[in-house]
Amino acid sequence: TWLDVHNFTGGELAKFNGGDNMWVTFAENGLQRGYIGSYSGNVEDFEMGTYSSNTTGKLIFSTGNTPRLQIDNTGNVCIGASPLAAYKFDVIGGDVRFRNDATNMNLYLRSNSTRSIFFRNSSEVNEAAIKSIGQNLYLGRGNVFTDLTIDEDGDVGIGGEIVPVSQLQVVGGYEVNYTNHGHLMLGQESLTNMILDQNEIL
């Protein structure tokens, strides 16, 4: 240890005070690795970065000696692992939530095998959801993905988490009569229309 500063009474331990665009360099074996200070930005900025001569070095933030957030030499950012060149922002090994503030709906991305997206309200209750399994896409309300399905061939299923066997398949619904609206209505409810269920047309 070449520099060891002790102050066991608290308070400011050290100060680096220079003129405009002052920075501190960190080097290894004479090679400049990075710096802190105001090197390339405005004099009011505080930077932490790598030098342009360090063409492969990443900026890494760690906890418990484990890298948590990394920025590679092209500016790609990754949380959870080393950045991949194809992505500007990449999150590996966890779920992600985006929210406007504590009282508004947020977007929640779940990183499990089904690749799910949930739209939540301020009480953290799922109000709508999208899920993909393979090339099949499922849409639903709450935690249930049983409202609409689009399969890998573009066929659409309504009324259940099904893989449709025709271009449009409707399951569930009601027995058609003059008060129930069956499985499918063509036209407006209060005007001329056609209503279908599994075995009747009205």
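Buried residues are those under 20% relative accessible area, exposed residues those over 50%, and partly exposed residues those in between (1.4 Å probe, protein chains only). The views below show a predicted model, in which local features need pLDDT of at least 70 and side-chain atom pairs count only at pLDDT 80 or more, whereas totals for chains, interfaces and linings use all residues. Residues are numbered from 1 along each chain as its sequence is written, and side-chain values use heavy atoms, with hydrogens and water left out.

**View 1. The three-stranded sheet β1-β2-β3.** In this open sheet of 3 strands, the order is β1-β2-β3 and the pairing is antiparallel (strands are DSSP runs of E with at least two residues, numbered from the N terminus; two strands pair if DSSP finds at least two bridges between them). The edges are formed by β1 (23-28) and β3 (47-50), each of which pairs on one side only. From one strand to the next, the twist averages 20 degrees (axes are lines fitted to C-alpha atoms, and angles run from 0 to 180 degrees between N-to-C directions).

**View 2. The aromatic cluster of Trp 23, Tyr 35, Tyr 39 and Tyr 51.** These four residues form one aromatic cluster, in a model whose count comes to 4 aromatic pairs (rings of Phe, Tyr and Trp, the last by its six-membered ring, pair if their centres lie within 6.5 Å; planes under 30 degrees apart count as stacked, over 60 as edge-to-face and the rest as tilted). Trp 23 and Tyr 39 are edge-to-face, with 4.6 Å centre to centre and 85 degrees between the planes. Trp 23 lies in strand β1 and Tyr 39 in the loop between β2 and β3, so this pair ties together parts that are 16 residues apart in sequence. Trp 23 is partly exposed at 35% relative accessibility, and Tyr 39 is likewise partly exposed, with a relative accessible area of 35%. Tyr 39 also forms an edge-to-face pair with Tyr 51, at 5.2 Å centre to centre and 85 degrees between the planes. Since Tyr 51 belongs to the loop between β3 and β4 (59-63) while Tyr 39 lies in the loop between β2 and β3, this second pair ties together parts that are 12 residues apart in sequence. Tyr 51 is buried, with a relative accessible area of 5%.

**View 3. The mixed sheet β4-β5-β6-β7.** An open sheet is formed here by 4 strands in the order β4-β5-β6-β7, and its pairing is mixed. Strands β4 and β7 (89-91) are the edge strands, each pairing on one side only. With direction ignored, neighbouring strands of this sheet are turned by 20 degrees against each other on average. Strand β4 and strand β5 (residues 66-71) run antiparallel and are joined by 5 bridges; in this pair, Thr 63 has Thr 66 of β5 as its bridge partner.

**View 4. Two hairpins that share strand β11.** Strand β10 (residues 116-120) and strand β11 (residues 126-133) run antiparallel, joined by 5 bridges, and Phe 118 has Ala 129 in β11 as its bridge partner. The two strands form a hairpin with 5 residues between them, and Glu 124 in the turn has a positive phi of about 65 degrees.

**View 5. The salt bridges.** The structure holds 2 salt bridges (a side-chain nitrogen of Lys or Arg within 4 Å of a carboxyl oxygen of Asp or Glu). One joins the side chains of Arg 33 and Glu 28 at 2.9 Å, N to O; Arg 33 is partly exposed, with a relative accessible area of 32%, and Glu 28 is partly exposed, with 46%. Another joins Arg 141 to Asp 147 at 2.7 Å, N to O; Arg 141 counts as exposed at 60% relative accessibility, whereas Asp 147 is partly exposed, with a relative accessible area of 22%.
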